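Thanks for coming. I will go through one structure, a few residues at a time. Please have the sequence and the view open.

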Amino acid sequence: MKRTFLFFLFCLMTSCALGASIGGYVGDAPNVELQVSIDGQTILGERELEKLSLSATEAELRTAFDQNIIRLVRGQSVQLTVEMVERNGTRSNVMANPALFYEAVGKDTLSVSKEGLVTALPESSGSTLGQLLVLYNTPEKSGFNYIYFDIDPGK
């Protein structure tokens with residue numbers, strides 16, 4: 001688990017540096033939050049953990065990360081649900097919105113459909129750690145989040 005947490009810390013530093021430029025429009029900066037859930041349970045992604053890191057101890061941050069990493073066995077799938085949370089607190093399900101994109105970081109570990117079905121690749125000999133970018137981007141609203149996966153190679 002220590003390796004997984006160190007992977008998270010590296011990714012956190014990298015995406016914080018890229019956060020203001022992740023959108024595709026001139027002058028774009030994240031102005032909405034994306035909240036990811038699986039089966040009704042909210043998953044704290046990198047954006048939430050980044051905020052937590054400002055006030056939590058390393059042990060508290062490690063616990064929060066460990067509780068929110070998604071554990072899958074190779075070949076197993078989970079369905080994501082994504083809500084956009086605007087600054088005024090308005091929430092909306094953006095699953096059917098064409099402005100929502102997913103990108104598996106390290107394509108040898110995870111695949112993701114446009115409907116948000118994430119699958120741990122069954123025949124991969126690659127990493128057992130996965131990261132998924134969830135991105136919403138229009139000229140008016142943009143936001144992103146990363147969620148993490150721990151892939152059990154199984155038997």
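In which strand is Tyr-136 found? Before I get to that, note that this is a predicted model. Tyr-136 is in strand β9, which covers residues 129-137.

Is Tyr-136 buried or exposed? Its relative accessible area is 6%, and because that is under 20%, Tyr-136 counts as buried. Its contacts, leaving aside neighbours within four places in sequence, include Leu-34, Met-84, Val-94 and Leu-100, and also Lys-141, Ser-142 and Gly-143. Asn-97 is one of the contacts too, and the side chains of Tyr-136 and Asn-97 are joined by a polar contact of 3.1 Å. Pro-30 is 106 residues away from Tyr-136 along the chain, yet their C-alpha atoms are separated by 9.2 Å.

Next, the nonpolar cores. The largest one has 26 residues, and Val-82, Leu-132 and Phe-149 have the most contacts inside it. Strands β1, β3, β4, β6, β8, β9 and β10 each give two or more residues to this core. Take Val-82: leaving aside neighbours within four places, its contacts include Leu-34, Val-36, Val-94, Met-95, Leu-100, Tyr-102 and Val-134. Another core, of ten residues, lies apart from the largest one; Leu-49, Phe-65, Leu-133 and Tyr-146 are among its members.

Now the charged side chains. How many salt bridges does the structure hold? There are six, and I will cover some of them.

Arg-47 pairs with Glu-33, with the closest N and O atoms 4.0 Å apart. Arg-47 is in helix α2, residues 46-53, while Glu-33 is in strand β1, so that pair links parts of the chain 14 residues apart. Arg-47 is buried at 17% relative accessibility, whereas Glu-33 is partly exposed at 23%.

Lys-51 also forms a salt bridge with Glu-33, at 3.5 Å between the closest N and O atoms. Lys-51 is in helix α2 as well, so this pair ties the helix to strand β1 across 18 residues of sequence.

Through shared partners, Glu-33, Arg-47, Glu-50 and Lys-51 form one network.

Last, a backbone point. Most residues other than glycine have a negative phi. Asp-39 has a positive one, near 50°. Asp-39 sits in the loop between β1 and β2, and Asp-39 is exposed, at 77% relative accessibility.

Methods
Residues numbered from 1 in each chain as written. Predicted model: local features only at pLDDT ≥ 70, side-chain atom pairs only at ≥ 80, totals over all residues. Heavy atoms only, no water. Helix = DSSP H or I, 4+ residues; strand = E, 2+ residues; numbered from the N terminus. Buried < 20%, exposed > 50% of the residue type's maximum accessible area, 1.4 Å probe, protein only. Contact = heavy atoms within 4.5 Å. Polar contact = N/O pair within 3.5 Å; in protein donor to acceptor, adjacent residues only side chain to side chain. Core = buried A, V, L, I, M, F, W, Y, C linked by side-chain atoms within 4.5 Å.
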